[in-house]
Amino acid sequence: MIPAVRLPDGTMVPALGQGTWYMGEARASEADEAAALREGIERGLTLIDTAEMYGEGGAERVVARAIAGQRGRVFVVSKVYPHNASASGVAKACAASLKRLGTDRIDLYLLHWRGRYPLTETATAFERLREAGHIRFWGVSNFDTDDMAELAALPAGGICATDQVLYHPDARGIEFDLLPWCRARGMPIMAYSPLGQGGKLLRSPALAAVARRHDATPAQIAIAWSLRDGATVSIPKAASPEHVRQNAAAASIRLSAEDLAEIDAVHKPPRRKQPFAMI
Ligand code: NDP
């Protein structure tokens, strides 16, 4: 069973989903990538995160293959490029994403990062899409606390559903102020790159020690860590079906106070404001 996380309006979404960055970049691997996503859907990883940027539309086409015939089971998240975030650009980009995704509605549509268009213009464009039924919810990505405060002060700003940000044991800067800011408003964050993109993080001796106690892998511990507060949606990407199975199983790992202390000792929580990290 995959736990659920509450959006600000009370809608529940799966806490553990699937990322798609680097999918859809080569036609030859699209069938395998779609199969991996389907394997995840079967295991309850029914939230899928994509973007018009990934594979320049290729990842959205892979998602379309994965959700064909089972659209109703899946919560689809996509993102608009900042250079498309004008009033007319958002509408056009959304229409193109819907076409590639083979659906008539995106469940959650995010501004990928902040660009040159005024936030009020983008938020109003998102609201129009929501009113027209093309999207169910909208939010942002890579926004620091001051950006979130600026957005929240706008007429449409209070409807923002989430902020999707970099978050894993070696990237904890958001714990200092952004995470408490979102918590206070009942807004979940979405943790991207929860496995540190499969790099150095997964060789952490601290994660390995905790993993041994749970008969798990360091990647599974990183996922369990990202889910530990019940108010975060974690979106690891896995193109390998074995990784998908391991990731789904990680949702049932409960980390003890001792586990968390052991991780904190090496991957330290921030004690002051950190420069905002994004990739
Ligand atoms: P992740 O931290 O999810 O790491 C992905 C890497 O980890 C892949 O190489 C994958 O291999 C490997 N992996 C997956 N599962 C396991 C496992 N159980 N054991 C060992 N290795 C594993 O990195 P991403 O950067 O892809 O982040 C996840 C998603 O977040 C993205 O795909 C995207 O959807 C989103 N994102 C959003 C950003 C934003 O700006 N909003 C920025 C970055 C990411 P393999 O594929 O071979 O299975």
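Guide: Asn142 is buried, because 21 other C-beta atoms lie within 10 Å. The cut-offs are these: buried means 20 or more other C-beta atoms within 10 Å of a residue's own, exposed means 12 or fewer, and partly exposed is in between, with C-beta atoms placed from the backbone. This is a predicted model, where local features need pLDDT of at least 70, side-chain atom pairs count only at pLDDT 80 or more, and totals for chains, interfaces and linings use all residues. Residues are numbered from 1 along each chain as its sequence is written.

Asn142 has a positive phi of about 60°, although it is not a glycine. Most residues other than glycine have a negative phi. Asn142 sits in the loop between S6 and helix H5 (145–152). Helices (H or I, at least four residues) and strands (E, at least two) are DSSP runs, numbered from the N terminus.

Strand S6 covers residues 135–141 and pairs with strand S7 (residues 163–166) in the parallel sense, over two bridges. Pairing requires that DSSP finds at least two bridges between two strands. Ser141 has Gln164 in S7 as its bridge partner.

S6 belongs to an open sheet of seven strands, with parallel pairing and the order S3-S4-S5-S6-S7-S8-S9. Its edge strands are S3 (47–49) and S9 (232–234), each pairing on one side only. From one strand to the next, the twist averages 30°. Angles run from 0 to 180 degrees between N-to-C directions, and axes are lines fitted to C-alpha atoms, for helices over the stretch in contact.

Helix H4 (residues 119–131) lies across strand S5 (106–111) and S6. H4 runs at about 160° to S6. Contact means that the C-beta atoms of two residues, placed from the backbone, lie within 7 Å.

Tyr22 is found in the loop between strand S2 (12–14) and helix H1 (30–42). Tyr22 is partly exposed, because 16 other C-beta atoms lie within 10 Å.

Finally, the wider setting. The protein has 10 helices and nine strands. Buried residues make up 46% of its 279 residues. Along its principal axes, the C-alpha trace spans about 50 × 45 × 30 Å.
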